Amino acid sequence: MAASSGIPGHVAVANLVYTYAERIDLGDFAGVAELFEYAVITASGSADRHEGTEGAQKIYEKTTRRYEDNGTPHTKHVTTNLILEIDEEAGTGTCRSYFTVLQRTANLSLQPIISGRYHDSFERVDGVWRFTHRHIISELIGDLSQHLLISVDF
């Protein structure tokens, strides 16, 4: 996703954060990975680093269940409380935000399954804003049995 230099940084960065939620809920892991082409993804409680498009796609394919009926994870990622710090002159920025993931499946009634925070960093290169780092902090954990393909300890 290219956010051109004609769009103010705070809008372009917010659009990147929201585009992540849209793509993951569509089950578009290639599209999610594209957002992190020049970025590293880390998470609290883990020493793992997932770098670039290949690393991002691999981690989502390995961990996130998609359902055969429509190819999505049957989720809605709600991202709120964006705190943006953008330096237009330097072409850098950060965003701290909250996330809540809702899910409904044939075996799970609609409910929040996890919430936490994203700490993101961005840069503008040739007029285009892009992720450079996403740090995921999971805080409130619910029933992830229908969402994840792996077992995790939080």
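Predicted model: local features only at pLDDT ≥ 70, side-chain atom pairs only at ≥ 80, totals over all residues.
View 1. Phenylalanine 36 lies in the loop between α2 (29-35) and β1 (40-43), and phenylalanine 131 in strand β6 (residues 128-141), so the pair ties together parts that are 95 residues apart in sequence; helices (H or I, at least four residues) and strands (E, at least two) are DSSP runs, numbered from the N terminus. Phenylalanine 122 and phenylalanine 131 also form a tilted aromatic pair, with 4.7 Å from centre to centre and 40 degrees between the planes. Phenylalanine 122 and phenylalanine 131 are both buried, where buried means under 20% relative accessible area, exposed over 50%, and partly exposed in between (1.4 Å probe, protein chains only).

Residues are numbered from 1 along each chain as its sequence is written. Local features need pLDDT of at least 70, side-chain atom pairs count only at pLDDT 80 or more, and totals for chains, interfaces and linings use all residues, while side-chain values use heavy atoms, with hydrogens and water left out.

**View 2. The largest nonpolar core.** Of the 29 residues in this core, Tyr20, Phe36, Tyr60, Phe122 and Phe131 touch the most other members; a nonpolar core is a set of buried Ala, Val, Leu, Ile, Met, Phe, Trp, Tyr and Cys residues joined through side-chain atoms within 4.5 Å. Two or more residues each are given by α1 (9-25), α2, α3 (52-63), β4 (92-105), β5 (108-125) and β6, and the largest share, 6 residues, comes from α1.

**View 3. Arginines over tyrosine rings.** The charged end of arginine 130 sits over the ring of tyrosine 38, 3.7 Å from its centre, the rule being that NZ of Lys or CZ of Arg is within 6 Å of the ring centre and within 35 degrees of the ring normal. Arginine 134 lies over the face of tyrosine 20, at 4.5 Å from the ring centre.

View 4. Histidine 50, in strand β2 (residues 50-51), is buried, with a relative accessible area of 19%. Leaving aside neighbours within four places in sequence, histidine 50 is in contact (heavy atoms within 4.5 Å) with Ala39, Val40, Ile41, Gly55 and Ile59.

Definitions and conventions:
Phe/Tyr/Trp six-rings, centres within 6.5 Å; stacked < 30°, edge-to-face > 60°.
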